[in-house]
Amino acid sequence: MIIPLKDGDIEETLNKFFKDILEKKIVDALFIPQSIFSGRSYAYTLVKDPSKIKNVQPFLPILMNNGAKLISSLTFWDPKQKIGAVLRSCEIRGVIELAKFKQITLDRLFLIGVDCLGTMEIEDFEKVLNSKEGFKLEKFLSDLISGAPVNIRKACQICSSPVPQNVLMNLGFIGVDIKKEIFIHTSDELAQELGIEKKSNPDKREEVLSQIVAKKKKQRDQFLAELRKKFKSISDLLNEFARCKRCYNCRVECPICYCKECVFLTNVFEHRPEQYLKWAERKGLIKFPYDTLLFHLTRLNHIAASCISCGQCSSACPNNLPVFELFQLVGNDVQKLFEYEPGNNIDERPPIITFKEELEPL
Amino acid sequence: MVNIIINNQKIKIEEGKTILEAAEKAGISIPTLCYHKALSPYGACRICLVEIVGGGRPGLVASCQYPVKEGLVIETDTERVRKTRKIMLELILARNPNFERAKEIAREYGIIKSRIEKKEKDDCILCGLCVRICKERMGQSVLSFINRGYERKIGSPFDKKSPICMGCGACAFICPTGAIKSEAFCEKDLIPLLSEFEKGMGTRPVINILYPQAVPNAPVIDKEHCIYFNKEKCQICKAVCEADAIDYTMEEKKGYLDVGAIIFSPGFDLFDPHLKGEYGYGIYKNVITSRQFERLLSASGPSQGEIIRPSDGKHPKKIAFISCVGSRDIVCGNEYCSSVCCMYSTKEAIIAKEHDPEIEATIFYMDIRAFGKGFERYFNSARDNYGIRYIKCMPSKIIELQQSKNLRITYRNDNNSFVEEEFDLVVLATGMKPSEEVKKLASKLGLELNEYGFCEKTDFFPTQTKTPGIFICGAIGEPKDIPETIVEASSAAAEASKLLSQARGTLISKKEYPEEKPFIDEEPRIGVFICHCGRNIGGVIDVPKVVEYARSLPYVVFAEEYLYTCSQDSLEKIKEEIKRQNLTRVVVASCTPTTHAPLFRDTIREAGLNPYLFEMASIREHCSWVHMKEPGKATEKAKELVAMAVAKAALLSPIRQVSVEVNKDGLIIGGGITGMITAISLADQGFDVHLIEKTNQLGGHANNLYFTIDGKNIQEFLKRIIEKVEKHERIHVYLNAEVKEISGYLGNYKTIIHLKDENKSMELLHGIIVIATGAKEYKPTEYFYGKNPNVITQTEFEKKLVKKDISGLNKVVMIQCVGSRDEEHPYCSRICCSHAIKNALKLKEINPEAQIIILYRDIRTYGFREKYYLEARRKGVLFIQYNEKEKPKVNEVNGKLQVKVNDPVIGEEVIFEPDLLVLSAGIYADNEELSQTLKLPLTEDGFFMEAHAKIRPLDFTTDGIFVAGLAHSPRTIEESIAQANGASIRAVSILSKDKILAKAEIPKVNEKWCSGCGICEEVCPYNARKVDPETKIAEVIEVLCQACGACAMACPNGVSQQRYFEMKEIFAIIDTALG
């Protein structure tokens, strides 16, 4: 289905659409990115008052947080209200995955997905924003579709899921004329309630999508092949991760790392001076901060099967470590081994809680 | 006592001892090749040379012969000693370059090969051990040194076979090189002692442990063959036993026990296959029994699990199994079916194929009786996945081929023609029978035996004999498989417990412990107790060095060695040292914690320490036993193992085991015969029972049954049982009741039931649950059932027979396996064959002229039911086999039924037009809902899945819930009653306790940091982990936890940590291991 743009203004059209959703009580509250403070940035907002829907920005190409993590803090305890959440594909995958680990009350969520062909690192976005031309959403989106060079995040470059699954409603720009319309996919009942005209889907959407997905998949294979060359031995790992300053940003940003407190912050990894000295004696020298590679490997051990490839870990890393790369490489193998697709199906049981008698080796 | 110094170590030792003995006492090892504790020293090998450097005439002496005297100063490892030993080793290796022990010592001295070439023809190194043992211990002197110098050798007088040689084999036993062959000196034929346990497939020594898992696991001396008991010689065992445990004066003791009940479970014997001469057992070497084959397959068997055939030790490739040897055989007097042979033959064939995939296994059978739980699937898999060939034929003879010793079997194939086939090995599946000895014992007990010699039982109660107070279980009542035997064992225990419930617990004495010392988290004081385990550890590992090392470890304030740490005197010493040294942690380095940790824990508890302030290092199983040939490295590893244990011990904290009170009431779901018998049994044992039945009457499926195959009146029995249940003051019956909700756990359940009659809910509190929900008869959708009134099920037919509503019934066709053994229900319903024959016989009784045709796949009248199969055939009931792929076809022709089936005997289709078609409808279970409520697993066939198919047939992995009757698997009334009784005693094992003590090593939860993700809940196999839905914090249901550690492993941030295996402790161990 199609929503025609009101006066050719995508933002106004979206504002009106989401206001409707809230006003018509399709949801009790709406969790949605809006630009605040003069449109230079945006943040997720939880809106109860429809009049506060002024600057919704579901397509703005930045991802300050993976929304799944925010949704978890919102719905870990039953919110007892229906919450509409406007999220991208990687965020929806995070929501599904977290729900498997009881961190999200999925029953209370009305998931609204948006097409996404990539987001930018904040610095890069700032640069565009401050450039002469400034940032133009329509141009950005059409560049993404046409394949014109756009500086998007590494994770987005190889993401082959531009359209979210497991949602009740989907808004999109792929395969439509974004100067005139927005694509919407939802149930007939909802469409009627929101007064959306029932039209057949835009002809080109599927075709454009499949081209983009094929291209991204190819990029992903290349990316993995390069990584395989890069990480060959434990010393490669040690080298790459030597810069880690143990700030734990990757863990904080990871939507899957749901532990209330990381084991690395507990007394298990609190060592006494004699212990450090003993290690130094054994090895001749030890690196400080200590336990950094062990930290990444432990996180890898916990997360690899559930990693939904949002890339927030690398975006959050101040020292430019290849965290996302490592998780892609191992996650890909682990997920294949256990025939597990994280964030895909709420009924699929994560490998850690599944007993299998035999496993075919890779 | 004299004082000497060896290697700077002061030693005090009794006069008259040798230097070697003194060194051994001090833990200094001196190599030797000709010394034996039980024999006089001889000084032949000169390897034990040591150097006297003071207190006597200086020089090299043989330490095995040189007596100690005051002030001697000895060095065992000087340059001179080493040099001389090297030369002696080279000389010995020149005589026998393959002598392992000498090579091993030589390696330590840097000798790989002797420089001198071997000239002697034999392997003898002239150590004289054989000469000495024959003379000193056996008192015979058959052997002596002959000639001198270069010509010197060992031999008997005139090199002839000696008439005085007893053939004891001691010379060959003690010979270190294998050079001595007893048969060269002995006139007699040397006959090896055959192992009784290996069924003659292997040999055994005179002193032996009956079999690896024997209880008690202690060796016994076979007096009949012991030289000491026959000739008062030898006594080597006494000389070498370090624990001084040999006592020749032990006598058989007679004792008297006052008991209130007797359980008679003497087991069974196997049919003697010699009696079936046509199979040539005992004549043809390659015809063996299934039990012998079982030993061949066993890793602990005579060939360590290698399948070799007796005639030539080769691997057989074609193996034939012949079923029913001595079963279902009127000629040899055993007309009953032994119930287990089909399955064990199948099992043996599968294991043989797993050992060697090239083996072709063929099973000759009459009917495949795969009637037990899961057996049909097993049989199908054997045939379809393992490619085991099943041939329906009883071979009438076996012929051995003279050259190859292969065996030729003639049999009839599917095309009704006779074929000859050659096999490498034939295994006879011998049946079960009571032994003659047991029969005598039974008559002493005044027990009645049946026509086959098995114990008679009271009607319906398979573990009650006709003598009150004496109960039976196992194969003495009827041949049966392991699970049924285990069930009966519990059932017999329940029967006895009913009689003895008044006396329960009166003979228990309680052990008193001193108060536990308060645990103060100050610097640990660790004591390390290191065990020699006789020679087991001390013979390989340099224990004194390990002790010395242990003393250097952090927090260790005491370390000492003990010959046997687990001996009573050593345990006393541990307690003394704990007090004297004020130890706060104890480490024992010895054997495996599996067997010995409880003993040591108890010991330190007796000394006032918490039993979990204890750690063990396994320096036997993990070290000395596996590194026997590398003593140096083994010692280093032992040190590390001790260091790891000490590192963990330093971090240990006390564990107090949690206990919960037990609600003494039981809940039984299902008011059929199984539920009622469980209720009566529990109530008679003194416990209150809530019996829930969802319909409006008790009795369940038995309400539709009237008589058993052996003529017992079911309705009369049912009436009696219902009356007893209704009158029993401890049994509370709830009819028309439905289980709404069950919460809680072992010892403390809360169940909400809904009473439909009163339309109200009520709450029941109870400690255990027995599931006796039964099963249902399959409602056929095939063969015009429900469409033609003349098509009915066996149960419906039974009712007709009882009401004598059978006029005009002259021709009856029965079809077996309707709703069993098909794709939808790939299991056997066990009872339908007997049901059909029972009804057929009843019809014949009423109307002997009636023609009855039973269309079957395999007749599964196991055990004594075989008798009725035979009777049915004798009375003219016609049995026609059909196979799975060609099921009988039923048509209606002008309202008249027409049954077509292919008769394999005549090879043609036959057509019947019966007056009545009776379908043997199978049994199916509908347990889905209850299994979800209780989180209990179901089998693929929908029956409840027990904790272990063989040895825990009535339990679940979740403690406190039990299953009996048809909810478990299809079975007869008697078998259900055995399970009902059995489940009751399993329940009593919990209800009889006031409190249940949880395991110690259960997880603890750091609630503050729990994310409530529920991984622990999902991975727990015992339902012992739960996330509280209110707080979202993971809990441990302590009494259900079996301390497996799965949750602690899966918890991502260490919120759940297993006590005694906490992350800190594990890290400390790893860190120490890394050095």
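How many positive and negative side chains does chain A have, and how far apart do the centres of the two sets lie? In this predicted model, chain A carries 52 positive side chains and 48 negative ones.

The overall build of chain A comes next. Its secondary structure consists of 14 helices and seven strands. For the 362 residues of chain A, the globule rule gives a radius of gyration of 21 Å, and the computed value of 22 Å is close to this, so the chain is as compact as a globular protein of that length. Along the principal axes, the C-alpha atoms of chain A fill a box of roughly 75 × 45 × 45 Å. Among contacts between residues at least 6 apart in sequence, 74% link residues that are at least 24 apart.

The surface and interior of chain A can be described as well. Of its 362 residues, 52% count as buried. The chain exposes about 18,100 Å², and 52% of that area is supplied by carbon and sulfur atoms.

B:Glu975 belongs to helix α25, which spans residues 973–991. With a relative accessible area of 11%, B:Glu975 counts as buried because this value is under the 20% cut-off. A polar atom of the B:Glu975 side chain lies 2.9 Å from the backbone nitrogen of B:Thr972. Leaving aside residues up to four places away in sequence, B:Glu975 touches B:Glu484, B:Arg830, B:Tyr862 and B:Arg865.

Terms used:
Residues numbered from 1 in each chain as written. Chains lettered and ligands numbered in written order. Predicted model: local features only at pLDDT ≥ 70, side-chain atom pairs only at ≥ 80, totals over all residues. Heavy atoms only, no water. Helix = DSSP H or I, 4+ residues; strand = E, 2+ residues; numbered from the N terminus. Buried < 20%, exposed > 50% of the residue type's maximum accessible area, 1.4 Å probe, protein only. Polar contact = N/O pair within 3.5 Å; in protein donor to acceptor, adjacent residues only side chain to side chain. Contact = heavy atoms within 4.5 Å. Rg over C-alpha atoms; globule rule 2.2 N^0.38 Å. Areas by Shrake-Rupley, 256 points an atom, 1.4 Å probe, with all protein chains shown as cover. Lys, Arg positive; Asp, Glu negative; His and termini not counted. Charge placed at Lys NZ, Arg CZ, Asp CG, Glu CD.
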